[in-house]
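Here are a few notes to read with the structure open beside you. Take the points one at a time and find each spot as you go.

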Amino acid sequence: MKKRKVSYRRINWFIFLLIATSIAAGIFIALKLWFVLIFILPLMIMSISRLLSVYSGIIDRLGFIIRAVRNDDYSFRFTINPNHTENAFVNQSLNEIKEVMDEKKRLIREDEKNFELIMECANIGIMLLMENGTVVHANSKVLETFSLPMISHVGYLKSQSEELVEILNNIKPSEQKSVKYYTEIGETNLVLSCSAIKYKEKNLRVVTIGNINKELDNQEAEVWEKLTRILTHEIMNSLAPITSISNTLINNLDDAKKVGEGLEIIHTTSDRLMQFVNSFRQVTRIPPPQKAPFYLKELLADAVALTNSGKIKIKIDINPDDIMLYADRTQISQVVVNLMKNAVESCENNNDDKEYFIEIHSHLDSEERIYIEISNNGGKISDEIAENIFTPFFTTKQDGSGIGLALSRQIIRLHGGTIHLSRNTDEKVAFLIIME
């Protein structure tokens, strides 16, 4: 930038006048021409006054510059025309400072835009968080994940997931956490990682948020692989004794007693195998839903009547009271009854004087989706069991088949809905059904 020269003639004039009057005053005092001082002193006073005015103007302009920097406002520009101001030489320097600050601000804005562009290009959610939970910046992947137009504080996510908000507030650099986030359209599994940076003189946390549903789909494939091994194991365990006993009977056809005992074992083993196969068919061969409208209130009342032993207090809250489902009533009833039986057993398995209860809450959201939550206070499900409760043939009951919840999930999926364990604490264990 070529520096423009500014004339100092007005300020030079006052300096010259002050010097000249000072010399003249000294000469006239030496010659004792006191009456001449009457003309000299006003000129000296005027020169000093104008120079002080210039100094005061410089101080005022410096104060203005400081306030402008604090307010991040560089829209000012001082005149450098010496015909209009005595501070033209100062104004030029201040204008040059302003231009330097403008350039620095422009570069900072470019860096910020590049930074935001990099965040937007990332195929993962990125949030910049202050220690108090304020969101400095969140890219579009974050907003897409949480179905929000914007977010300024992590507290806005509390209504969807208190666990997620707690993790966002407390996650430390180098930590990695996973959490289930439930939106109105279903369940999303998230993994969160944290790093620390200093941005605009603030200590911030960079939290990356990834959707691991694809990974979970791979895990589901592994579950089915395990299921295949279970089937193979179960069938082989049944066929092995049948084959062995059959060979024994062939060699002992004349021994009626051995033949009878062998046939009894074969019958018992075959019956057990048939029961297992039928259980498997129940999970994999659910008939298409025969949908028809019915009142949710009536279905829940029937389910309570089938499962209530009279020992557990059951509360039903439906809002509005006349919610109707368009679904296969028999299949949905099977799901609700299964959840109710599990809740009753969870409460009755506790041998203490605590008051146990089951609550059923249902409501509609803004898009007419139906939410049905069945909860109890029978105690937390262990983490190991909670991870496998929807796995076919996984059970902790001696006489259980392990298909109840797996079958329930399949039925709800056939209806276009979701079911998941929405709360698992000592105070409350809840399963949530969302029907489209």
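1. In what order do the five strands of the open sheet run? Keep in mind that this is a predicted model. The order is β7-β9-β10-β12-β11, and the pairing is mixed. As background, strands in a sheet pair through backbone hydrogen bonds, and that can be parallel or antiparallel.

2. Now look at the edges of that sheet. β7 (313-319) and β11 (418-424) each have a single partner strand, so one side of each has no neighbour in the sheet. On average, neighbouring strands here are turned by 15° against each other, ignoring direction.

3. Zoom in on β11. Its pairing with β12 (residues 429-435) is antiparallel and covers six bridges. Within this part of the sheet, I419 sits opposite I433 in β12.

4. Next, hop over to A138, which is in strand β2 (residues 135-138). Is A138 buried or exposed? It's buried: its relative accessible area is 15%, and the cut-off for buried is under 20%. Setting aside neighbours within four places in sequence, A138 is in contact with I126, M127 and I151. As for V206, it is 68 residues from A138 in sequence, while their C-alpha atoms are 9.8 Å apart in space.

5. Last stop: helix α5 (residues 162-170), where L164, V165, I167 and L168 are buried. Down the helix axis, the buried residues of α5 fall within an arc of 160°, so they line one face. E162 and E166, on the other side of α5, are exposed. A handy rule to remember: an α-helix has 3.6 residues a turn, so residues three or four places apart point the same way.

Note on methods. Residues numbered from 1 in each chain as written. Predicted model: local features only at pLDDT ≥ 70, side-chain atom pairs only at ≥ 80, totals over all residues. Heavy atoms only, no water. Pairing = 2+ DSSP bridges. Helix = DSSP H or I, 4+ residues; strand = E, 2+ residues; numbered from the N terminus. Axes fitted to C-alpha atoms, helices over the stretch in contact; angles between N-to-C directions. Buried < 20%, exposed > 50% of the residue type's maximum accessible area, 1.4 Å probe, protein only. Contact = heavy atoms within 4.5 Å. Arc of directions from axis to C-beta.
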